Amino acid sequence: MRGFLPVLKKEAMQMIRDRGTLQFALFVPAIQLVLFGVIDTNVKHVRTVVFDQSRTQESRQLLNDFVNTSYFDIVGYAPSDAALKEAIVAGHASTGVEIPPDYARRRLNGEPADVLVLIDGSDSTISSAALAAANGVAFARSATELAERAGAKDLPIRTHPLLLFNPDSRSANLLIPGLVAVLLTFSGTLLAAFAIVRERERGTLEQLMVTPASPVAVVLGKLLPYLALAFMQLLFVLFLMTVVFRVPIHGSLPLLLGLSAIYLFALLSMGLLVSSHARTQMEAIQLSQMLLLPSIMLSGYIFPLSSLPAALRVVSQVLPATHFIAIARGVIIRGASFGDLWQSVAALLVIAAVLVAGSTRAFHKTIT
Amino acid sequence: MSEQQQRDYGIIVEGVSRDFGPVRALDKVSLHVPRGEIYGLLGPNGSGKSTLIRILCGLLVPTEGQAFVDGLDVAKEGEEVRRRIGYVPQKFSLYEDLTVLENLNFFASVYGLKNAQLKERREWAIGLTSIGPYRQRLAAQLSGGWKQRLALAASLMHRPRVLFLDEPTAGIDPVARRELWNLLFTLAGEGVTLLVSTHYMDEAERCGRVAYLYLSRMLVEGDPADLTKLPEITPAGTRRVEADCEEGAAAVMSQARSLPYVEDVTIFGNALHLLVKAEVADDRIARDLEEASHAKVTIRPIEASLEDVFVRLTRLQIEQRGEIPAAAEATR
């Protein structure tokens with residue numbers, strides 16, 4: 001391990017002197033956190049246009065039921081079938097409710113009444129929420145009426161749903177723990193790759209290789225300051241998350257930090273792997289992006305893992321981000337313990353070990 | 001080669017080749033550098049000079065052959081070799097975002113120097129290279145000559161026995177060049193073996209021995225003065241003369257070349273260096289050239305220069321191989 005301490009000291013000095021790196025490490029996460037902290041992906045208040053041909057007390061009651069779910073906001077009334085459709089095509093509204101002229105009469109006669117609900121299918125999040133809400137409205141009203149006719153006081157089954165861990169279903173609670181993983185992926189991989197490619201580009205790596213410093217000592221000495229930086233970044237993001245965005249950590253903070261360390265090792269190895277295949281910093285950026293994009297798209301951060309096709313699900317299992325996101329959400333949102341998370345931890349450990357071994361080998365090859 | 005002989009030489013290269021895929025960058029090169037000697041490595045770009053130096057520094061493994069530095073096999077005892085050598089690459093390769101002092105401290109500590117010893121060796125290297133006034137300056141803000149001195153200082157603090165310099169004077173002004181060479185002589189005087197690659201003939205002439213590499217092969221090796229006397233440089237039946245032209249030599253260059261008894265012409269300021277048939281007298285050459293230039297021409301016999309040696313050998317090599325590389329064609 002000859003040369004480890006001098007390289008470590010030198011790298012730390014260069015890192016602190018290089019303002020760009022520090023700004024990148026602290027400023028970028030802050031901006032992303034703010035953006036994701038204020039975004040709400042929960043669907044509420046879908047813009048709705050109504051074509052009410054019945055114009056009766058009954059039809060108004062039904063529309064009230066729609067509005068009372070808070071999923072629908074009536075923004076306008078259409079004079080015709082065509083106008084209703086046009087409002088959706090033009091994007092003025094995402095749902096349209098059409099009540100036929102015989103609605104009230106059939107209801108009073110105890111015959112089934114039809115209501116047409118048009119839903120804009122071009123946004124799957126909105127359409128699925130609207131579909132569920134619209135069905136809910138019809139079922140609730142039908143059930144209540146059937147119960148009354150049968151003379152029952154109560155419905156046979158009543159559900160009492162309780163949303164655990166995130167009672168207000170705030171998306172920030174779900175997104176920010178995932179964001180922690182994604183942000184670390186960026187800085188861990190890219191900064192580590194840069195640190196080494198920069199030396200290769202400037203020829204200083206070759207100069208180091210003619211000294212008695214061992215290649216392992218050089219790599220460790222260079223990467224350790226970035227591990228520290230990534231850790232600082234992690235603490236900073238967790239601080240913003242709990243204090244500014246009020247997302248509490250339900251589980252153990254030491255457990256989270258300890259598991260993050262494994263994740264960071266995996267990331268730095270990924271950076272080292274990138275640096276072994278990139279001659280210039282530009283190439284390093286391109287290669288990192290090839291690794292980072294799947295880490296965002298396929299890790300469960302944006303799309304749930306269950307929505308991925310089988311082939312992509314295999315890819316997602318190989319990504320360290322997938323397992324760390326599971327761990328971060330588990331500890332932060334559900335208060336999960338080590339025992340609850342052991343599968344993700346084991347997967348992360350295996351991936352980290354493979355990456356560390358593979359990247360040091362690749363690095364060795366490039367210097368001889 | 002006995003162990004005793006291995007110890008007498010700072011560098012021994014025996015039949016070393018190196019392939020990069022299908023390309024042979026170095027082809028069976030052998031050379032011996034006695035301790036305390038400055039050995040010059042010459043040859044056009046891409047001839048294999050840097051490859052040889054990088055093999056000797058342990059940065060590249062030779063495809064075949066053996067190399068010893070300070071008596072140690074480079075391929076087998078790489079780590080011990082690295083403790084005993086210094087390497088100044090062609091391109092400045094220290095940290096530009098660190099100061100002179102920080103760079104020196106860093107490299108000294110990588111070599112395992114500590115505290116008082118580190119300080120003593122550092123100050124010695126600073127004194128030797130006179131870089132003291134720039135201690136606190138960032139390496140990026142140094143001029144080319146000072147950068148090269150810093151690189152040299154950084155490679156000297158661990159007192160290497162063998163020093164490799166890859167075109168250390170490229171792009172440096174003549175005064176800095178002269179001073180750097182004085183430094184190299186000081187080091188050689190202390191017993192350090194130096195291998196220096198260069199494009200400058202005046203630098204080559206200062207070396208104890210030189211080798212000329214061309215297209216991965218070593219064409220010639222030896223004492224610069226002996227090389228100029230090689231029979232193939234001035235073949236039997238020819239001799240070399242200098243024609244001093246009062247009205248400038250450039251004007252008569254092409255006429256001189258078309259004279260039937262002239263084998264080769266090179267221009268040197270206001271004079272032409274001619275390789276002519278031995279039986280042609282000075283008077284006749286002077287007369288022919290005066291006719292062409294309409295001015296006075298003085299002829300005197302000269303020795304071949306080191307440049308003549310390399311130009312001549314390159315031409316012979318091209319004729320032998322029956323191929324004319326594009327670069328050589330353009331300069332003819």
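**Briefing: chains A and B of a predicted model**

B:Lys28 is partly exposed, because 15 other C-beta atoms lie within 10 Å of its own. (With C-beta atoms placed from the backbone, 20 or more others within 10 Å make a residue buried, 12 or fewer make it exposed, and counts in between make it partly exposed.) The model is predicted: local features need pLDDT of at least 70, side-chain atom pairs count only at pLDDT 80 or more, and totals for chains, interfaces and linings use all residues. Residues are numbered from 1 along each chain as its sequence is written, while chains are lettered from A and ligands numbered from 1 in the order in which they are written.

**Residues of chain B with positive phi**

- B:Lys28 lies in strand E2 of chain B and has a phi near 45°, a positive value in a residue other than glycine. (Strands are DSSP runs of E with at least two residues, helices are runs of H or I with at least four, and both are numbered from the N terminus.)
- Most residues other than glycine have a negative phi.
- B:Asn115, which is not a glycine either, has a positive phi of about 40°.
- B:Asn115 belongs to helix H5 (residues 115–129) of chain B and counts as exposed, because it has 7 C-beta neighbours inside 10 Å.

**Sheet of chain B**

- An open sheet of four strands has the order E2-E1-E4-E5 in chain B, with antiparallel pairing. (Strands pair if DSSP finds at least two bridges between them.)
- Strand E2 (23–34) and strand E5 (72–73) of chain B are the edge strands, each pairing on one side only.
- Strand E1 (residues 9–20) and strand E4 (residues 64–69) of chain B run antiparallel and are joined by five bridges.
- B:Ile11 has B:Val69 of E4(B) as its bridge partner.

**Helix H7 of chain B**

- The 16 residues of helix H7 (residues 174–189) of chain B should span 22 Å at 1.5 Å a residue, and the end C-alpha atoms are 23 Å apart, which agrees. (The expected span is 1.5 Å times one less than the number of residues.)
- The buried residues of H7(B) are B:Arg177, B:Leu180, B:Trp181 and B:Leu184. They cover an arc of only 100° around the axis, so they lie on the same side of H7(B). (The arc is that of the directions from the helix axis to the C-beta atoms.)
- Cover for these buried residues includes strand E3 (38–42), helix H6 (144–154), strand E8 (193–197) and helix H8 (201–206) of chain B.
- On the face of H7(B) turned away from the buried side are the exposed residues B:Val175, B:Asn182, B:Phe185, B:Thr186 and B:Gly189.

**Interface between the chains**

- In chain B, 21 residues are in contact with 17 residues of chain A. (Contact requires C-beta atoms, placed from the backbone, within 7 Å.)
- Helix H3 (78–84), strand E6 (85–88) and helix H4 (100–110) of chain B each supply at least two residues of the side that touches chain A; H4(B) gives the most, with four residues.

**Chain A as a whole**

- Chain A has 14 helices and four strands, and 37% of its 368 residues are buried.
- The C-alpha atoms of chain A fill a box of roughly 95 × 45 × 40 Å along the principal axes.
- Among contacts in chain A between residues at least 6 apart in sequence, those joining residues at least 24 apart make up 79%.

How values were computed
Two residues are in contact if their C-beta atoms, placed from the backbone, lie within 7 Å.
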